[in-house]
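Here are a few notes to read alongside the model.

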Amino acid sequence: MKRRCWLHAIVVLAPLGMLAFSVGSSRIRFEEISEKAGVRHVHRTRRFAGKTADVLRMFTSGGSSVAVADYDNDGFDDIFVTDSDTGRPNRLYHNNGNLTFTDVSVETGITAGNDPLSIVSDALWFDYDNDGWVDLLVIRFGTPLLYHNEPSPDGKGRHFRDVSAKSGLNKFANTIAAIAFDYDNDGRLDLLFGNYFKPANLLILKDPHVLPNDLDNAVNGGGVTLWRNNGDGSFSDVTVKAGLSKHTGWTLDVGHGDFNNDGFQDIYLACDYGTDRLFFNNGDGTFREVTEKAIGYDTKKGMNVEVGDYDNDGLLDIYVTNITDDYMKECNMLWHNNGDGTFTDVAKETGTCDTLWGWAAKFGDFDNDGWLDLFVVNGLRSAGNENYIPVLVKMITRPGVDFTNVYNWPNIGNMSWSGHQKKKLFRNVGGSFQEIAALAGVDNDKDGRGLAIADFDNDGLLDIYQTNADQFSLLYHGVSEGAGNWLEFKLTGTRSNRDAIGARVTVHADGRAYIREVDGGNGYAGQSSTRVHFGIGRATAVDSVQIRWPSGLVENINAPVNHLTSVIEGKGTRFPETYLERSHASGSQ
Amino acid sequence: MLRSLPFLLATALFAVEPGADVHYNEAVKALNSRDFQTALEELEVVLASEPDNIRYGSEYRQAAIQAGAYERCLNFFDKLVKVHPNAPNAWLNYGFAYVDKIPAAGSITQVILANAALREFTRALRLKPSWIAYYTRGNSYLFWPKVFHRAHLGVADLERAVRLQRNEPEHAYHARAWVSLGDGYWKMDRLQKAKAVWREGLEQFPDNPLLKERLEKDGTDLKGAIEAALDPYKRVDTNLQELWANQ
């Protein structure tokens, strides 16, 4: 919570100095192509039965998520999207390599999850058995589903086999977020679940006291669960052993990154109805909570955790969305990493404070100028003209009212609640931000939820997939003009986990340094590509590329500009023919 | 300092002590030396003797703000009004105690506190429809975002405050009601009426900088000035010393 004058000065003055380095004439632009591309998935929130149906549907209006990965290793990232209402299928869209996709949900066997007692809430690709094929985890209010990626019976494609029963992931929780990361650097990907409600099945509600006990400091949520990968296809709950069990907040998102540069992945928990939590990794399988010293205790409605070095100072920063509506102006948090175990919130100073009812937010260098831009989705419920807020406030201001009781909450009916909100795209100008969503063509007013960033056509410009609640999703194809040069890396671990999650890439170009880490699902309801993308502005070559693998191995490699480079841990670079041909064919510079 | 809080409250609330002046003087001394705990204890004794004293209540709250003792302050006034339910200024200060806690609370608790403040201001008004009570409640309504449609309630109260102040000797603080009344009309999207109110106020208080500022600004500048004044996330100055200053 430290505020330093010098930091403010840097934040304010930096844009002036840094403009000289940026791609001056670039203009961030996107085209919405979801229908043409065949990925216009319509999500439906779960409908409940009985007197509490309306309120519970409102409280569980997430579940519209996206996870991106190249599940068939053909060099193009594919898209998995979730649905939430009973019986509705999740979808897997295979990337055809030409900005069209084919729905392969049924033949790959991944549609299940929304049964009468479970609600799909999120999804995650990760190679849990290091066999070189990403597997799929479907997260639920319920127990998760784990699918193993295998050749299809006809040998022509891939198929997913449900291995949940043997996975040990059998603990009921109202899980709403998950990341895959290797918290103990043993070369196997572990899982961190963020659980929203306490572990009570909302679909067979026995006790109506399931809602927050305090709307600013709730402690009756689901906390988190840390699952350690045993290396035999099963996972063990190590939450207590790791020191994470005391957290009982309403975890809405979880994020990871090596915030203190010690080679181990740390975690940030964004919590609704109260205090976010930051834990540093002790390197011995346990975590220590550093919330008080590092960020202080907040009372905000944490919705999203995104990690990136927005100011190119070599330290990972954290962006958290909150609720910044007219009636609840909390301000988001952009935690600038001070490098000494503390963070300073610079959301106001950088212009990223206000995004209304925030959900997912993702960093990405959309114009390849070397600075991470930021896209934020928002909007809770767009319905009729009547506003739910006055109705709600009448309830919450009633003396002695028990917030935990579902029956005390008024029905929302056809009322809107923070709906019809315009999305926000912040262009990074040397460490400060300008909001340009309308100019960039991404100022839609849907009820946004999840985001995934990927380069679906391998052209070096990042694209965006946006999921929405009870509405169709959007695919924004990046068509920025005058964009800079770029590099992309597909990392494959050998001693480290195969997905290389947690690997850090440092690029030096034109006298500047950039860092990225391979992330395992940061950001609410959205997993971006595990490929690492760098914009390097006008630089036509890089001075150095260094990879620090989770195993501890540090490698220096050569990488050509404007290409996707594949790197295998300990074996240097590879340029798979398909990648090169396709990236050239896509018109890379 | 050695006395326990329950004992102190019992002393303060139920055994009305003579010599409140002595305690008040001790409180002033403690405030001057920034010994807020002692100041709170002494002022609690004083208020128990004079619950309707608006000045003592205000000074007690300011000491509580300095000490961060928001809950203690609320608990004290809660007990005070139970013992003295017909003391309008005790209710008024009770309402202000809720307002004082708002900056230290989370965003939803802020709404609950703000609403509770309105409730206590209303009780004060029922007992005594004074200028300060109408001004206070009216101004409080204006802090609520538009979605709650409370601006018209604020305007009604502030109109009454302006009428009441005409019957009182003129004070500089009366200009506040003109400023707020205009802000209320602005929030109701009645800009011309707002300007007329500010102009009328300026005729009475030609040196008031806030009235001048409102009349000099337009559009987003005016919006910025009003929104800055009605920002619920900034600490509202609830120190009432202007009421007795220079008297």
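What span should the 14 residues of helix H11 of chain B have, and how far apart are its end C-alpha atoms? Please keep in mind throughout that this is a predicted model.

1. Let me start with that question. H11(B) runs over residues 191–204, and at 1.5 Å a residue it should span 20 Å. The end C-alpha atoms are 20 Å apart, which agrees with the expectation.

2. Next, the two sides of this helix. Ala194(B), Val197(B), Trp198(B), Gly201(B) and Leu202(B) are the buried residues in H11(B). Viewed down the axis of H11(B), the buried residues fall within an arc of 135 degrees, so they line one face of the helix. Gln192(B) and Glu203(B), on the other side of H11(B), are exposed. The cover over the buried residues of H11(B) includes two helices of chain B, H10 (175–187) and H12 (209–216).

3. H10(B) also has a partner in helix H9 of chain B, residues 151–166: the two axes come within 9 Å and cross at roughly 155 degrees. An angle over 145 degrees counts as roughly antiparallel, and H9(B) and H10(B) are therefore roughly antiparallel to each other. Their crossing is left-handed. On the H9(B) side the contact is made by residues including Gly154(B), Val155(B), Leu158(B) and Val162(B), and on the H10(B) side by residues including Trp178(B), Leu181(B), Gly184(B) and Tyr185(B).

4. Helix H3 (residues 36–49) and helix H4 (residues 54–67) of chain B pack at an angle of about 155 degrees, with their axes 9 Å apart. H3(B) and H4(B) are therefore roughly antiparallel to each other, and their crossing is left-handed. Among the residues that meet here are Phe36(B), Leu40(B), Leu43(B) and Leu47(B) in H3(B), and Tyr56(B), Tyr60(B), Ala63(B) and Ala67(B) in H4(B).

5. Finally, a loop residue in chain A. Where is Thr143(A) found? Thr143(A) sits in the loop between strand E7 (135–142) and strand E8 (145–151) of chain A. Thr143(A) has 18 C-beta neighbours inside 10 Å and therefore counts as partly exposed. Leaving aside residues up to four places away in sequence, Thr143(A) touches Leu169(A), Asn170(A), Lys171(A) and Phe172(A). Asn174(A) is 31 residues from Thr143(A) along the chain, and the C-alpha atoms of these two residues are separated by 8.2 Å.

Key:
Residues are numbered from 1 along each chain as its sequence is written. Chains are lettered from A and ligands numbered from 1 in the order in which they are written. This is a predicted model: local features need pLDDT of at least 70, side-chain atom pairs count only at pLDDT 80 or more; totals for chains, interfaces and linings use all residues. Helices (H or I, at least four residues) and strands (E, at least two) are DSSP runs, numbered from the N terminus. The expected span of a helix is 1.5 Å times one less than its number of residues. A residue is buried if 20 or more other C-beta atoms lie within 10 Å of its own, exposed if 12 or fewer, and partly exposed in between; C-beta atoms are placed from the backbone. The arc is that of the directions from the helix axis to the C-beta atoms. Two residues are in contact if their C-beta atoms, placed from the backbone, lie within 7 Å. Axes are lines fitted to C-alpha atoms, for helices over the stretch in contact, and angles run from 0 to 180 degrees between N-to-C directions. Angles under 35 degrees count as roughly parallel, over 145 as roughly antiparallel, 65 to 115 as roughly perpendicular and the rest as oblique. A crossing is left-handed if the near helix is turned anticlockwise from the far one by less than a right angle, and right-handed if clockwise.
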